[in-house]
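My entries follow in the order I made them.

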Amino acid sequence: MAESDTGARIIPTTGRNNCGGRCLLYAHVRDGKIEKMTTETASDCPGEVPLSACVRGLSYHTTYENDRRLLYPMLRVGERGEGRFVRIGWDEAVERLAEQWKRIRDSFGPGSRYVNYATGVSAAFRPTALARRLLSLDGGYLSSYNSYSTACIEPATRLMYGTPETGSSPETWLDSRFILLWGHNPAETRFDCSTMYWLQRARKKGIPIAVVDPRRSATVRALDAEWIPLRPATDSALLDAMAWVIWTEGLADRDFLDRCCLGFDREHLPPEWRKAESVLDYLTGARDGVPKTPAWAEAITGVPADTIRSLAVRYATAKPAALIQGWGAQRHSYGEQSARGAILLCCMTGNVGVSGGWAGGVGYLRGHAEPALPAIPNPYPLSIPVFRWTDAVDDWRSLTPLDGVRGGDRLESGIKLLLNLAGNCLINQHGDANRTAALLRDASKCEFIVCSDLFLTASARFADLLLPGVSFLESENITAPWLWGDFLGFNNKAVEPPGECRFEYEWLSALAEKLGLGAAFTLGRSHADWLRAMYEETRRREPELPDYDSFRAMGVFRYSKRPPHVAFRENRLDPDRCPFPTRSGKIELFSPAIAGAAFREYFPPIPRYVPPSEGPQDALRERFPLQVVGWHTLRRCHSIHGNNPALEHIEPQRLWMHPRDAAPRGLSEGDAAEVRNGRGRLRVPVHVTEDVLPGVCALSQGAWYAPDAGGTDTGGCINVLTSWRDTPYSHGNTQHSVLAEVRAVL
Ligand SMILES: Nc1nc2c(c(=O)[nH]1)N[C@H]1C(S)=C(S)[C@@H](COP(=O)(O)OP(=O)(O)OC[C@H]3O[C@@H](n4cnc5c(=O)[nH]c(N)nc54)[C@H](O)[C@@H]3O)O[C@H]1N2
Ligand SMILES: Nc1nc2c(c(=O)[nH]1)N[C@H]1C(S)=C(S)[C@@H](COP(=O)(O)OP(=O)(O)OC[C@H]3O[C@@H](n4cnc5c(=O)[nH]c(N)nc54)[C@H](O)[C@@H]3O)O[C@H]1N2
Ligand SMILES: [Mo]
C-alpha cells in the first residue's frame with residue numbers, strides 16, 4: 001500500500017455507479033477517514049489513455065462520507081411515502097422480509113415479485129443480480145428486459161444490423177475528414193475516459209466537428225465545434241432531408257447500397273414486399289406526394305434549409321466521415337426512428353466498414369470477458385420492458401405482447417413485492433413522478449417495497465423496509481468499463497462502513513437461510529470468496545489477467561493493445577461470403593420483420609419521420625407550447641451527488657430558456673419560474689440564454705424530487721413533467737419528450 005507525503009494511505013479504486021467513466025481513483029486515507037481523492041494523469045501512464053476522473057470522481061468522498069447517510073434498518077410507520085420510519089435491528093428486518101416474501105409468494109405466485117431496474121451498483125457483485133438469484137432459487141419472478149439508457153437505439157441497431165456491436169475503435173476517428181456528433185455530449189456525459197481524449201486529438205489534427213443538439217452543449221464548447229440546434233425529437237426529419245439532399249445531389253454510394261443493404265429502392269425490397277414503400281419512394285414522395293426536402297424539414301426541425309443542405313453535402317463528400325450518435329436523441333417518443341435514420345445516412349454515404357467512417361447505431365464494441373455472477377435461469381417465463389413496471393403494478397390486466405409482455409399473453413398478477421436495491425427509478429428516475437408516487441401510496445396495489453440505499457432518496461421514502469447499504473468506498477467489487485475501455489477495474493475498500501450499513505449480500509444470505517435456500521444461494525462463499533471466484537472464472541477466458549491479489553493491489557489492469565477494430569470491414573468487402581448478421585444477410589433499411597408485425601401504434605418498416613407525441617407538431621402545444629428537454633449533467637450521475645451541495649456550482653439546477661420565450665413571460669436571469677404541464681409542476685430559477693432554440697427549454701435530469709405541501713416540486717426534478725408513455729417498438733422511455741408552459745413566480 002502506497003503512502004502519501006503526509007502519511008496518508010493511498011488506496012487505488014474504481015467507481016461503480018452508472019457513470020461510464022470507471023476512472024482510476026486514489027483514496028487518501030488517514031485515521032479511518034478519506035482526506036481527498038486523486039486520479040490518474042497523463043504523466044502517470046505514458047502511451048495510454050489516462051483514466052482521469054472528473055470533478056464528480058474527485059468528490060465521491062464528500063458525497064458518500066457524511067452525516068446524511070442511512071445508518072440502520074428501518075421499518076415504515078405512517079402512510080407509505082411520508083418518510084416516517086422506526087429503527088429496527090437486522091434480525092427483525094430479515095424476519096419481517098421473510099414473512100412478507102413467503103406470504104406474497106404463496107398468495108400471488110412467483111410473477112408477483114419484481115426487482116426494479118437500478119444502477120447504483122454497476123459492478124460484478126450486484127445487489128439486483130443477487131436478489132434475482134435468490135428469487136430464481138425460490139420459484140422465479142417477473143423478469144424485465146431493455147434499459148432506461150439505450151431503450152430505443154439498441155433494439156433499432158439490432159433491427160438493422162442484427163447486432164448492437166457497431167462500434168469501431170475510437171482511434172479510427174483520426175482517419176475521419178468530418179465528425180458529426182449527434183445528440184452526443186461526451187464532454188459532460190461520461191461514456192468512458194477515451195471518447196473525449198480521441199475527439200480532442202481529432203480536433204487538434206484539424207478535423208472539423210459538428211454537434212447536433214437542441215442545446216449548445218459543453219461538448220460544442222470543449223471541441224470548438226459547429227453547433228446545429230434543432231427542436232427535440234425531430235432528428236429523423238432532419239436525417240430524412242439530409243438523405244434527400246444526398247440522393248438528389250448524386251452523392252449516394254449506390255454500390256454500397258446495392259451490395260450491402262435491403263430495401264433502399266424498389267429493386268432491393270425483398271420479393272415478398274415488392275409493393276411496400278422503399279426508402280427512396282418515401283424520400284422522393286413517390287407515394288405521399290411530399291418530397292422530404294430541406295424546406296420540408298426546416299418547418300419541423302427549425303434548422304434552416306440551407307444549413308441542412310450544407311450539412312448533408314459536407315457529410316457525404318468528406319470521405320470518410322463519422323456520424324456518431326449519443327443516446328439523447330433516442331430517449332424520445334419514436335426514439336427508434338432517430339437511430340434508424342442515422343444508420344441510413346451512414347449506409348447512403350458508404351461510411352460503414354471503413355476506418356474513419358462510422359456505422360452508426362448504439363456502437364458497442366466487443367471487449368474482454370467481464371466477471372459476473374453465474375446465472376441461474378429464472379423458472380418463471382414472463383417478462384416486461386423495464387419502463388413498463390408501473391403498469392405492471394397498476395394496470396397489469398391490460399398488458400399484452402403489444403405492450404412488450406414476453407413469455408405469455410397476459411400477466412398472472414400485478415407486482416406485489418418490489419425490491420429496489422441501489423436505484424432511484426422507484427420515483428426520481430422513472431417517468432411521471434407524481435403519478436408514480438400516487439400509485440405507490442396505495443399499499444393495496446404493490447404490497448411490500450424493500451429499498452436499499454445510502455440516503456433517504458425520493459425512492460427510499462416509499463420503502464416499507466428501508467435497508468442501509470454500503471458505498472463503493474466501504475466495500476469491494478470488480479468493475480468493467482463501458483464501450484471502448486480496455487481494462488478491468490477493482491473497487492478496493494478504503495474505509496469502514498458507518499453505523500450498521502451492510503452490503504446486500506449479507507441480508508440476502510440471511511433471508512436465503514430463512515427460506516431454506518442458504519447453501520444453494522451462497523455456495524458457502526463469503527463476499528470476498530465470490531469476487532475471487534468470479535475473477536478466476538474470467539481469468540480462465542482472459543489468461544492475460546494477473547493473479548487476483550496483484551490485480552487488487554493495482555486497482556486497474558490494462559489489457560495489451562490490440563490493432564484498431566473497424567466494425568463490418570469484412571462484411572463490406574464481401575457481403576456474400578461474409579453476410580451481415582441479419583436474417584437477410586444485408587443491412588435491413590427495410591425491415592421485413594416490422595412490415596409483418598402488429599404494433600399498438602403506427603411503426604413503419606423503414607427509417608422515416610413520424611410526428612412524435614409531445615413534439616413540436618403535437619396539438620397539445622396549444623396548452624403547453626414549450627418543449628422541455630432533459631440531459632445528463634456533469635454535476636450528477638443521475639440523482640447521485642444531487643444531495644452534495646459542494647457540487648452545486650458546476651451546474652446549478654435551473655431552466656435554460658431563450659430570451660424570446662423569457663421576455664413575454666416577464667422572466668429575467670435568475671428569476672423563479674414555475675414549469676407545469678398536465679402531470680405536474682416544479683419551481684426552478686431560469687437561466688436566460690441563446691444556448692437553446694426559441695420554443696425549447698432545457699432542464700437537467702436527476703435533481704431530487706421534493707414536492708411541497710401543495711404538490712409543487714421544489715427540487716427541479718424533470719420527472720414531474722415526464723410521462724409513462726413508452727415507444728411503439730422497443731417500449732422504451734420517452735423521458736426527453738416533454739411539453740410544458742412556464743410562468744414567473746411572483
Ligand atoms: N456526467 C454524467 N455522465 C453520465 C451519466 C450522468 O448521469 N452524468 N449517465 C450515464 C448513463 S447511465 C447514460 S445512459 C449516459 C447517457 O448518455 P446520453 O443519453 O447520450 O446523454 P443525454 O445527456 O441524455 O443526451 C446527450 C445529448 O443529447 C441531447 N438531446 C436531447 N434530446 C435530443 C434530441 O431530440 N435530438 C438531439 N440531436 N439531441 C438531443 C441532450 O441535450 C444532450 O446534450 O451517460 C452516462 N454518463
Ligand atoms: N427524465 C429522465 N429520467 C431518466 C433519464 C433521463 O435522461 N431523463 N435517464 C435514465 C437513465 S439512462 C438511467 S441509467 C436511469 C438511472 O436510474 P437509477 O439507477 O435509478 O439512478 P441513480 O440516481 O444512479 O440511482 C442510484 C441509487 O443508488 C444509490 N447508491 C449509490 N451507490 C450505492 C451502493 O453502493 N449501494 C447502495 N445500496 N446504493 C447505492 C444512490 O444513492 C442512488 O439513490 O435514470 C433514467 N431516468
Ligand atoms: Mo443510463
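**Entry 1: a tyrosine to start with**

Does Tyr117 count as buried or exposed? I looked it up, keeping in mind that this is a predicted model. Tyr117 counts as buried, because its relative accessibility is 16% and the cut-off for buried is under 20%. I found Tyr117 in the loop that runs between strand 7 (113–115) and helix 3 (127–137). I also checked Tyr117 against Asn719, which is 602 residues away along the chain. The C-alpha atoms of these two are separated by 16 Å.

**Entry 2: domains**

Next I wanted the domain layout. The domain assignment gives domain 1 as 74–148 + 372–471 + 500–539, domain 2 as 153–366 + 566–595, and domain 3 as 619–744. Between the C-alpha centres of domain 1 and domain 2 I read a distance of 38 Å.

**Entry 3: enclosed spaces**

How many cavities of 30 Å³ or more are there? I count five, and I followed up two of them.

The largest cavity holds about 640 Å³ of space. Its lining has 43 residues, and Thr119, Asn424, His638, Ser639 and Ile640 lie nearest the centre. I sorted that lining into 15 nonpolar, 24 polar and four charged residues. Where does the largest cavity lie? It lies between domain 1 and domain 3, because both give residues to its lining.

The second largest cavity has a volume of about 500 Å³. I find 36 residues around the second largest cavity, with Thr189, Gly328, Arg331, His632 and His736 nearest its centre. Its lining splits into 13 nonpolar, 15 polar and eight charged residues.

**Entry 4: an open space**

I then turned to the second largest pocket, which contains about 700 Å³ of space. Of its 33 lining residues, the closest to the centre are Ser169, Glu171, Trp484, Asp486 and Arg562. Helix 5 (residues 195–204) supplies the largest share of this lining, three residues. By type, I have 15 nonpolar, nine polar and nine charged residues lining the second largest pocket.

**Entry 5: cysteines**

How many disulfides does a search of the whole structure find? The search gives zero. For Cys54, the nearest cysteine sulfur belongs to Cys19, 6.1 Å away, and Cys54 is in no disulfide. A disulfide would need the two sulfur atoms within 2.5 Å. Cys54 counts as buried, because its relative accessibility is 13%.

I traced an open sheet of four strands in the order 1-2-3-4, with antiparallel pairing. Strand 1 (2–3) and strand 4 (33–39) stand at its edges with a single partner strand each, so one side of each is left without a neighbour in the sheet. Strand 4 pairs with strand 3 (residues 24–30) over six bridges in the antiparallel sense. Within that pairing I noted His28 opposite Lys36 of strand 4.

**Entry 6: two covered strands**

Strand 13 (residues 321–325) came up as mostly covered, with five of its five residues buried. Which way do its residues point? Ala321, Leu323 and Gln325 point one way and Ala322 and Ile324 the other way, and all are buried. Strand 9 (residues 178–182) runs parallel to strand 13, joined to it by five bridges. Phe178 stands opposite Ala321.

Strand 27 (residues 739–744) is also mostly covered, with five of its six residues buried. I found strand 22 (residues 626–629) antiparallel to strand 27, with two bridges joining them. Across from Leu626, I see Ala740 in strand 27. Strand 24 (residues 672–676) is antiparallel to strand 27 too, through four bridges. In that case Val675 has Val742 of strand 27 as its bridge partner.

Conventions. Residues are numbered from 1 along each chain as its sequence is written. Chains are lettered from A and ligands numbered from 1 in the order in which they are written. This is a predicted model: local features need pLDDT of at least 70, side-chain atom pairs count only at pLDDT 80 or more; totals for chains, interfaces and linings use all residues. Side-chain values use heavy atoms; hydrogens and water are left out. On a 1 Å grid over the protein atoms alone, a cavity is a set of points where a 1.4 Å probe fits but cannot get out, and a pocket is an open set with protein on both sides within 12 Å along at least five of seven lines; lining residues have an atom within 4 Å of a point. Grid points are joined across faces, edges and corners, and a volume is the space filled by probe spheres set on the points. Ala, Val, Leu, Ile, Met, Phe, Trp, Tyr, Cys and Pro count as nonpolar, Asp, Glu, Lys and Arg as charged, and the others, Gly among them, as polar. Buried means under 20% relative accessible area, exposed over 50%, partly exposed in between (1.4 Å probe, protein chains only). Two strands pair if DSSP finds at least two bridges between them. Domain bounds come from an automatic or database domain assignment.
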